[in-house]
Each structure stands twice: as C-alpha cells, then as structure tokens.
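Subject: Structure handover

Hi,

Here is the structure for you to look over. My notes follow below it.

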Amino acid sequence: MSTIQLDHINVIRNDQHILHDISCTFPSGTITALIGPSGAGKTTLLKLLNGLHSPTSGEIYFDDAPLSSMNLLQLRADAGMALQSAPMISGTVYDNLNLPCVIKGESLTEEVALQLLDQVNLDNVPLSQDIKSLSGGQRQRLSIARTLVNQPKVLLLDEITSSLDPRSVKEVEKLIHRIHQDHQVTIIWITHDVDQAARATERYVMLRDGHVEHIGKSSTLLNSEHATVRDFIEGEEL
Ligand SMILES: Nc1ncnc2c1ncn2[C@@H]1O[C@H](COP(=O)(O)OP(=O)(O)OP(=O)(O)O)[C@@H](O)[C@H]1O
Ligand SMILES: [Mg+2]
C-alpha cells in the first residue's frame, strides 16, 4: 500500500509536450480510473510510475520516497503493471509466472505458483500447460497473477479488459476487487469504458491533452456536472 504523488510532472519527447505540469495524488489503498481521450497521455503517466519512462521535470513520490532515488528493480517489484495485450513468452504457464523471479535470479516454487493461479481462478489450469492454448480471458488473468509475484504495493492496469468478452470483463473486475481487498494495493486503472470506471473504481482522474482536466468520485461520472467530462462520456469531440 502506497500513496503516489505526482509533483509538477512534465514529459517532453521529440519536442512534443506530452504531460504538462501534472500534480495529483493517488491515495494509499484507493482504486482510481485514469480516463480521457486517446493520446491524452494516460499510458505515458502510467509508465512513469514503474520507471519505464522518466519525467523531463518534476518528481514522483511513493509515500515519501522520491522515485528518482529508488532502485529500478525494486520499483518494478513494488509497482506491478498489466497491459491489454498481456504479453507472454513462449513456453508454459509456469515459465510465464516465473518471469519476474528469473529477472532477479530466483525461481518460484511450485506451491507459490499454484497459490497464485488459485488467486486468479486459474486453479484448473496446469502449470505445465502451453501458453498458446490459453483463452484471452485466461491469459489476462495469468498476466494479473504475474503482477502479484512480487507482492506489489501498487497495481497499474492499462486497458486490461478491452479485448475480452463481457463475461471475462466481469470476472477480471471481480478479481481486481478481490486483490484490492486482500492486499490493500493502490490501483490505477486506465479504461476507455466509462461504465467500467463508474462501477469498478472509487475515483477518477481525467486527462486531456496532457493536462489533468478533472478529478472526482467515480459514482458521479455518469451524471457529471463538469461539461468536459460530460462531453467526453457522450463521445463529443473535445
Ligand atoms: N515513445 C514515444 N515517443 C514520442 N511520443 C510518444 C511516445 N509514446 C507516446 N507518445 C505520444 O504521447 C502522447 C500521449 O500518448 P499516450 O500513449 O500516453 O496516450 P493515451 O492517453 O494512453 O492514449 P490511448 O488512449 O490511445 O492509449 C501521444 O501524442 C503519443 O503520440
Ligand atoms: Mg494508452
């Protein structure tokens, strides 16, 4: 569990100002939806939080520790990230679960691997199963299990349900809630599905053109009084 604080964050890449002076807080143990139009800078912001990108200026704090002074391996362990594409290496379910350990020169015991599968409702899938034979929903659940290997304090989710069928979407949402309850992690969840943001998260941060446009309670999202949020939800051009 960690409070994440962004303090005057700017990201400039190839002369393009991608994030403008972003200051906001993700309180410890909360689930926040990160929403906004395509190109607003959501993925860029998320990648700052596990060290995949560095800010051009400004500082990010996990609790009171500046990210710039943290060891990159430790940061990646503390902040687990799952992506829409749920990237996997060829091999077995175990090989993929074990990946975060291999990077540290360790290996996962079978017992812990089975516990992790159990946590994401994949207890019927053998560790020796070829990764290629998993369905999209199973693959995404395995990707989430993999983020749990290092017992992260923060979970970063980038459109993890956008290529799943409605039933798998609901399963993944339930799963994320269970993980949130059991481990009290701080979760930041990028989603294009505003209904999902409203039902599955507590608060939202809306980005637009690299700026924070609005921060509010997710329960107010579908009846927002804020004109730009309303236009975004109604699919108007912003
Ligand atoms: N590696 C990069 N180099 C240069 N520009 C980039 C890079 N990655 C992203 N951008 C630019 O930064 C801006 C924000 O992109 P980002 O991927 O963060 O948006 P997003 O809100 O996640 O969009 P989407 O909803 O489509 O995923 C875009 O204009 C994009 O073209
Ligand atoms: Mg993105």
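Does cysteine 24 count as buried or exposed? Cysteine 24 counts as buried, because its relative accessibility is 6%. Buried means under 20% relative accessible area, exposed means over 50%, and partly exposed is in between (1.4 Å probe, protein chains only).

Some ground rules. This is a predicted model: local features need pLDDT of at least 70, side-chain atom pairs count only at pLDDT 80 or more, and totals for chains, interfaces and linings use all residues. Residues are numbered from 1 along each chain as its sequence is written, chains are lettered from A and ligands numbered from 1 in the order in which they are written, and side-chain values use heavy atoms, with hydrogens and water left out.

Cysteines

Cysteine 101 also counts as buried, at 6% relative accessibility. The search of the whole structure finds 0 disulfides. A disulfide here is a pair of cysteine sulfur atoms within 2.5 Å.

The open sheet

Cysteine 24 in β2 has leucine 6 opposite. Strand β1 (residues 4-13) joins β2 through 7 bridges, and the two run antiparallel. Strands are DSSP runs of E, at least two residues; helices are runs of H or I, at least four; both are numbered from the N terminus. Two strands pair if DSSP finds at least two bridges between them. The open sheet has 4 strands in the order β2-β1-β4-β5, with antiparallel pairing. β2 and β5 (65-66) stand at its edges with a single partner strand each, so one side of each has no neighbour in the sheet.

Strand β9

Strand β9 (residues 203-208) has 5 of its 6 residues buried, so it is largely enclosed by the rest of the structure. Strand β3 (residues 31-35) runs parallel to β9, joined by 4 bridges. Threonine 32 faces arginine 203 of β9 in that pairing. Strand β10 (residues 211-217) pairs with β9 in the antiparallel sense, over 6 bridges. There, leucine 207 stands opposite valine 212. The hairpin of β9 and β10 has 2 residues between the strands, and aspartate 209 takes a positive phi near 50° in it.

Ligand 1

Which residues come nearest to ligand 1? Of the 14 around it, they are Ser38, Gly39, Lys42, Thr43 and Thr44. A residue is near a molecule or strand if one of its heavy atoms lies within 4 Å of it. By class, the shell has 3 nonpolar, 8 polar and 3 charged residues. Ala, Val, Leu, Ile, Met, Phe, Trp, Tyr, Cys and Pro count as nonpolar, Asp, Glu, Lys and Arg as charged, and the others, Gly among them, as polar.

An N or O atom in the side chain of threonine 44 is 2.5 Å from an oxygen atom of ligand 1. A polar side-chain atom of glutamine 16 lies 2.9 Å from a ligand 1 oxygen. A polar backbone atom of alanine 40 is 3.2 Å from an oxygen atom of the ligand. The largest share, 3 residues, comes from α1.

Serine 168

Serine 168 lies in helix α6 (residues 166-183). Serine 168 is buried, with a relative accessible area of 13%. Its side chain makes a polar contact of 2.8 Å with that of aspartate 165. A polar contact is a pair of N or O atoms within 3.5 Å; within protein, one must be able to donate a hydrogen and the other to accept it, and residues adjacent in sequence count only if both atoms are side-chain atoms.

Best wishes
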